[in-house]
Amino acid sequence: MTATASNKILIIEDEQDVVDMLQLALQKAGGFKVATAADGASGLRLAREESPALIILDLMLPKMPGLEVCKVLKSDVATRHIPIIMLTAKAEEIDRIVGLEVGADDYVTKPFSPREIVLRMKAIMRRGKGDVVEEKLTVGPITVDPARHHVAVGGKTVRLTSVEFKLLSMLMLRRGRVQARDRLLNEVWGYESLIDTRTVDTHVRRLRKKLGKAAEAIETVRGFGYRLRER
Ligand code: CA
């Protein structure tokens with residue numbers, strides 16, 4: 001956890017109707033303060049001044065593009081801990097991938113539902129840095145009990161290898177957030193990212209097979225990695 005116990009959300013977006021919708025959704029959810037910036041440069045300035053708990057960052061911005069804002073924030077010690085959710089348009093798959101590579105924590109594709117983005121935000125804010133798997137994790141029918149090294153789907157035990165177990169635990173612990181293949185490689189296998197990331201795909205395939213229908217919760221984010229759905 002960082003020193004700031006802030007509940008301030010910074011929205012960096014020039015489209016007023018999107019800003020209004022987000023503000024309304026956050027107001028409804030309750031417990032948030034909101035700051036807004038309508039261009040990249042002032043967004044960057046506000047991020048530094050206000051240390052928000054989370055930033056919602058649109059990619060298409062006047063003055064400084066969203067990707068650039070993200071890159072600067074993630075390379076600055078003072079701001080790199082702040083989670084960033086990117087807003088992207090459907091056609092911008094490349095931007096989305098680059099965005100995740102420059103350190104965005106998640107993305108939401110326009111048009112999105114306000115409810116969805118609030119859920120994603122809460123998920124990100126709930127789980128801070130330095131994830132350690134200790135407590136029992138449950139998502140839908142899947143339960144992981146790290147203490148007993150036990151996995152069950154719908155109450156039935158599923159036997160996983162230790163790699164599959166670690167992989168599933170990581171995805172469960174960070175549910176709702178996209179996990180890059182090379183990050184998973186580093187954390188599950190302890191490899192440096194020079195090793196072929198297809199290793200991850202192979203193990204995810206096996207894991208899915210063992211989980212059966214419950215594996216639907218594991219989504220492939222093409223060209224990037226995997227995400228375990230929140231519900
Ligand atoms: Ca925009």
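**Figure 1. Overview of the predicted protein chain.** The secondary structure of the protein chain comprises eight helices and twelve strands, where helices (H or I, at least four residues) and strands (E, at least two) are DSSP runs numbered from the N terminus. The model is predicted, so that local features need pLDDT of at least 70 and side-chain atom pairs count only at pLDDT 80 or more, whereas totals for chains, interfaces and linings use all residues. Residues are numbered from 1 along each chain as its sequence is written, and side-chain values use heavy atoms, with hydrogens and water left out. Of the 231 residues of the protein chain, 49% count as buried; buried means under 20% relative accessible area, exposed over 50%, and partly exposed in between (1.4 Å probe, protein chains only). Among contacts between residues at least 6 apart in sequence, 60% join residues at least 24 apart, a contact being heavy atoms within 4.5 Å.

Figure 2. The calcium ion has as protein donors E13 (OE), D14 (OD), E15 (OE), D58 (OD) and M60 (O), at 2.1 to 2.9 Å from the ion. Donors are N, O and S atoms within 2.8 Å of the metal (3.2 Å for Na, K and Ca); water is not among the atoms, so sites may look incomplete. Along the chain, the donors follow the spacing E-D-E-x42-D-x1-M. D58 counts as buried at 2% relative accessibility, whereas M60 counts as exposed at 53%.

Figure 3. Five strands form an open sheet in the order β2-β1-β3-β4-β5, with parallel pairing; two strands pair if DSSP finds at least two bridges between them. The edge strands β2 (33-37) and β5 each pair on one side only. On average, neighbouring strands of this sheet are turned by 20 degrees against each other, direction ignored. Axes are lines fitted to C-alpha atoms, for helices over the stretch in contact, and angles run from 0 to 180 degrees between N-to-C directions. Helix α1 (residues 16-29) lies across β1 (8-12), β2, β3, β4 and β5, and runs at about 165 degrees to β1. Helix α2 (residues 40-50) also packs on the sheet, where it touches β1, β2 and β3; the direction of α2 makes about 165 degrees with that of β1.

**Figure 4. Strand β3 and its two partners.** Five of the five residues of β3 are buried, so this strand is largely enclosed by the rest of the structure. From β3, L54, I56 and D58 point one way and I55 and L57 the other way. Strands β1 and β3 pair in the parallel sense over four bridges, with I11 opposite I56. Strand β3 (residues 54-58) likewise pairs in the parallel sense with β4 (residues 84-89) over four bridges, and the bridge partner of D58 in β4 is L87. Together, β3, helix α3 (residues 66-75) and β4 make a right-handed β-α-β unit: with the strands pointing away from the viewer, the path from the first strand over the helix to the second runs clockwise.

**Figure 5. Surroundings of D106.** D106 lies in strand β5 (residues 106-110) and is buried, with a relative accessible area of 0%. The side chain of D106 makes a polar contact with the side chain of R120 at 3.4 Å. A polar contact is a pair of N or O atoms within 3.5 Å; within protein, one must be able to donate a hydrogen and the other to accept it, and residues adjacent in sequence count only if both atoms are side-chain atoms. Leaving aside neighbours within four places in sequence, D106 is in contact with I84, I85, M86, L100, R120, I124, G176, R177, V178 and R227.

Figure 6. The peptide bond from K110 to P111 is cis, with omega near -5 degrees; P111 is placed in the loop between β5 and α5 (114-126). S51, in the loop between α2 and β3, has a positive phi of about 35 degrees although it is not a glycine. This serine is partly exposed, with a relative accessible area of 24%. K63, in the loop between β3 and α3, also has a positive phi, near 75 degrees, and counts as exposed at 72% relative accessibility.
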